[in-house]
Amino acid sequence: MELVLPQIDWAPFAPLIPVALGGLTTLVTDLFLPPGRKYLIAILSLMAIAASILLSIGSWGSVLDSDLGIVRYGIHDAVVLDRFSLFFYLVLGLVSMLTILLSMGYLDTAADDQGEYYSLVLFSTLGMMLMAAGGDLIVIFLGLETFSLALYTLAGFWKADLRSNESALKYLLLGAFASGFFLYGIALIYGATGTTMLRQIAAFLADGHPPAPLFMIGGGLLLVGFGFKIASVPFHMWAPDVYEGAPTSVTAFMIAGTKAAAFAAFLRVFLLALPALHVQWSVAIWVLAVLTMTVGNLVALVQSNIKRMLAYSSIAHAGYLLVALVAGGSSGVASILFYLVAYTLMNLGAFAVIIALQGSKQERLLLTDYAGLGWQRPALAACMAVFMFSLAGIPPTAGFMGKLYIFSAALEGHYLGLAVIGVLNSVISVYFYLRVIVIMYMSEAASPRPLVPASVAAVLAVVMSVLGTLHLGLFPAGLLDLARQSIAAVAG
């Protein structure tokens, strides 16, 4: 019998290849660099991400025909090249670039494990990109495990720190548990439909086949797996401890990158493969959205550690994104894409300020450590104020426009109650965000701490983030149009 090889279109893999090669190259290059030149590994990582971003931009025009996106598949239907995946390639490229800049100011520039660190960041990014491009549940699972395994290691990167070790162990155990739910959900859906391809699952339902109980249970297990990755209530218990114990630069990467990758796959699976079940799964997500917003904001009110506060804040923001997912339609999906970019800039910007102030030797993690910062470091304090205003949803920032689009989509979808709950939660969050600003400008430090010189890379990350946050708040139309162009493949 003649062996027939699968037809492979390499175009969908083009933006992923520089990231994969960069991960391998940084690991090998580290072996040959003297301690004083370890910073070159970070520059090599930035070059790999820049090449991926350029290839994604170059591919943008090749997937458009009139007003409908042309979809290209790498191997059968498994890996997808469309504007939706390209949009997330760009978002994840931004996350990785800012993370690498943060890390250059956070890691010891002569540390022996530079190659290991940046290689793990790149391989984690590769898994996130693969998850965003997955047209098959198996590929999505492979992407999920690729970035998760790298993050488990990064969370415990400070090997001599017990908190970092605890963070890695908790993330590993709970992450493996959630992955089991996700994989079992894939198995049940395959048993009910005979396929794991998203397009074929959608066609199976569109042909009038009633969803069997096996299929519904499988979809519920997928929801549990995604709920863990986006840290929605009640699957959020790992997030505060892991974010607090992980190195600060890794926390920044996790808090933005995992959200973007998980929502990319979430949208593709539930809007492309399961649109016929919108009524059933939207009820469950409505409940998750309310619980996630409310619990995240209420618990953040009483936090005294800024990393822990931002962890619960990220849980609340996952709830806002779920509001838009419930609303559905082109407005809801476009608002998710817009908000993910705003969320990336304001969160990574806040962590960039934290790292610029503390370096790797002198951590400023308690809110009281920021007392008097407005007069000691006026420029960094002003940038932190911008990020806190944006996270609270106060104009003229990206966070305000993102929440405006999300709640408008909820109203357009006739979810008035959900929109009202979202607005009330946003009002609650103003307290703990503004508390940081009040402490910086209206409190005096109990004992003045010596200032740590801010690294150039961390300051660059702060400047990029604050400019992006203000630009999207003042001129949001460009990104929103880009988001609307990107959703044809999943929202029609």
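The model is predicted. A pair of aromatic rings is described by the distance of the centres and the angle of the planes. In this model, the count of aromatic pairs comes to 22. One of them joins F87 and F88, with 5.9 Å between the ring centres and 75° between the planes. This pair is classed as edge-to-face, because its angle exceeds the cut-off of 60 degrees. Both members lie in the interior: F87 has a relative accessibility of 3% and counts as buried, while F88 is buried with a relative accessible area of 0%. A second pair, that of F226 and F266, is stacked, with the centres 5.0 Å apart and the planes at 15°. F226 belongs to helix α8 (residues 213–229) and F266 to helix α10 (residues 248–273), so this pair ties together parts that are 40 residues apart in sequence. F226 is buried, at a relative accessible area of 1%, and F266 likewise counts as buried, at 1% relative accessibility. Ring pairs also place F226 and F266 in a cluster with F141, F182, F263, F270 and W281.

A charged side chain is found over an aromatic ring at F157: K159 lies over the face of this ring, at 4.6 Å from its centre.

The largest nonpolar core comprises 174 residues. Within this core, L337 and M388 have the most contacts. Helix α13 (residues 329–358) gives the most to the core, contributing 21 residues. When neighbours within four places in sequence are left aside, L337 is in contact with F84, F87, F88, L267, A483, S486 and I487.

N347 is found in helix α13. This residue is buried, with a relative accessible area of 0%. Apart from neighbours within four places in sequence, N347 is in contact with I255 and L391.

V326 is located in helix α12 (residues 306–327) and counts as buried, at 0% relative accessibility. Its C-alpha atom is separated by 9.5 Å from that of V279, a residue 47 places away along the chain. With neighbours within four places in sequence again left aside, the contacts of V326 are H278, S282, I285, W286, Y415 and L418.

The largest pocket has a volume of about 230 Å³. Its lining consists of F87, L90, V91, L94, V341, L345, G468, H471, L472, L479 and L482. At least two lining residues are supplied by each of α3 (83–106), α13, α18 (456–474) and α19 (477–486). Of the contributing elements, α3 gives the most, with four residues.

Two cis peptide bonds are described here. The bond from V233 to P234 is cis, with omega near 10°, and P234 lies in the loop between α8 and α9 (238–245). A cis peptide bond also joins P395 and P396, where omega is about 0°. P396 is placed in the loop between α15 (378–392) and α16 (398–412).

For A231, phi is about 60°. A231 is found in the loop between α8 and α9, the loop that also holds P234. At 0% relative accessibility, A231 counts as buried. For H414, phi is near 65°, and the residue is found in the loop between α16 and α17 (416–442). H414 has a relative accessibility of 72% and counts as exposed, whereas A231 is buried.

Key
Residues numbered from 1 in each chain as written. Predicted model: local features only at pLDDT ≥ 70, side-chain atom pairs only at ≥ 80, totals over all residues. Heavy atoms only, no water. Phe/Tyr/Trp six-rings, centres within 6.5 Å; stacked < 30°, edge-to-face > 60°. Buried < 20%, exposed > 50% of the residue type's maximum accessible area, 1.4 Å probe, protein only. Lys NZ or Arg CZ within 6 Å of the ring centre and 35° of its normal. Core = buried A, V, L, I, M, F, W, Y, C linked by side-chain atoms within 4.5 Å. Contact = heavy atoms within 4.5 Å. 1 Å grid on protein atoms, 1.4 Å probe; cavity = no way out; pocket = protein on both sides within 12 Å on 5 of 7 lines; lining within 4 Å. Points joined across faces, edges and corners; volume = space filled by probe spheres on them.
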